Amino acid sequence: MVGLAASGRTPYVLGALAASRAKGASTVLLCANPEAEAARSVDVFIGVDTGPEVVTGSTRMKAGTAQKLVLNAFSTAVMVRLGRVYSNLMIDMVATNAKLRGRMISILIEATGCSEEVSRRALTEAGGDLKTALVSLVSGAGVPAARAALARADD
């Protein structure tokens, strides 16, 4: 459970964290108060020192922006740990429109140095699966071998 509270003392956030911890969940508190008392009651505490707001009481400004930056960094790290990134490229995506299909081709070109034609062919042979196409192009293996290697490695 990840709780967000600018002050680190918002009652319903602390209540949700306590209830989650009581059920055995790991808990994280992200706030803009590095001295928050609640730091001792969570597994992971992230206290970003943003200082006072320009407009007192308007936590959407510095505190909210700081929390968003931390959450963006966290979600990026999660995507990397889950194997959804190759170098700095998002490779675990489903192309539901022409824009995303074009992005897949661009990713293959950038990751492999292959031509657009080769990248399109690899993606088609992989049934639109970007990871499989990438592994196939990088390793030189056929699509079935690339799929099998991904399966062995939990994708």
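## Strand β2 and its neighbours

Leu30 stands opposite Ile46 of strand β3, and β3 (residues 44-47) runs parallel to β2, to which it is joined by four bridges; helices (H or I, at least four residues) and strands (E, at least two) are DSSP runs numbered from the N terminus, and two strands pair if DSSP finds at least two bridges between them. This is a predicted model, in which local features need pLDDT of at least 70 and side-chain atom pairs count only at pLDDT 80 or more, whereas totals for chains, interfaces and linings use all residues. Residues are numbered from 1 along each chain as its sequence is written, and side-chain values use heavy atoms, with hydrogens and water left out.

Leu30 is also the bridge partner of Leu4, and strand β1 (residues 2-4) pairs with β2 in the parallel sense over three bridges. Between β1 and β2 the chain passes through helix α1 (residues 11-22), giving a right-handed β-α-β crossover (with the strands pointing away from the viewer, the path from the first strand over the helix to the second runs clockwise). Strand β2 (residues 28-31) is covered on both faces, with Val28 and Leu30 buried on one side and Leu29 and Cys31 buried on the other (buried means under 20% relative accessible area, with a 1.4 Å probe and protein chains only).

## Nonpolar cores

The largest nonpolar core has 15 residues, and those with the most contacts inside it include Ile91, Met93 and Ile107; such a core is a set of buried Ala, Val, Leu, Ile, Met, Phe, Trp, Tyr and Cys residues joined through side-chain atoms within 4.5 Å. Helix α3 (98-112) is among the helices that each supply at least two residues of this core, and α3 gives the most, with five.

Note on methods
Buried < 20%, exposed > 50% of the residue type's maximum accessible area, 1.4 Å probe, protein only.
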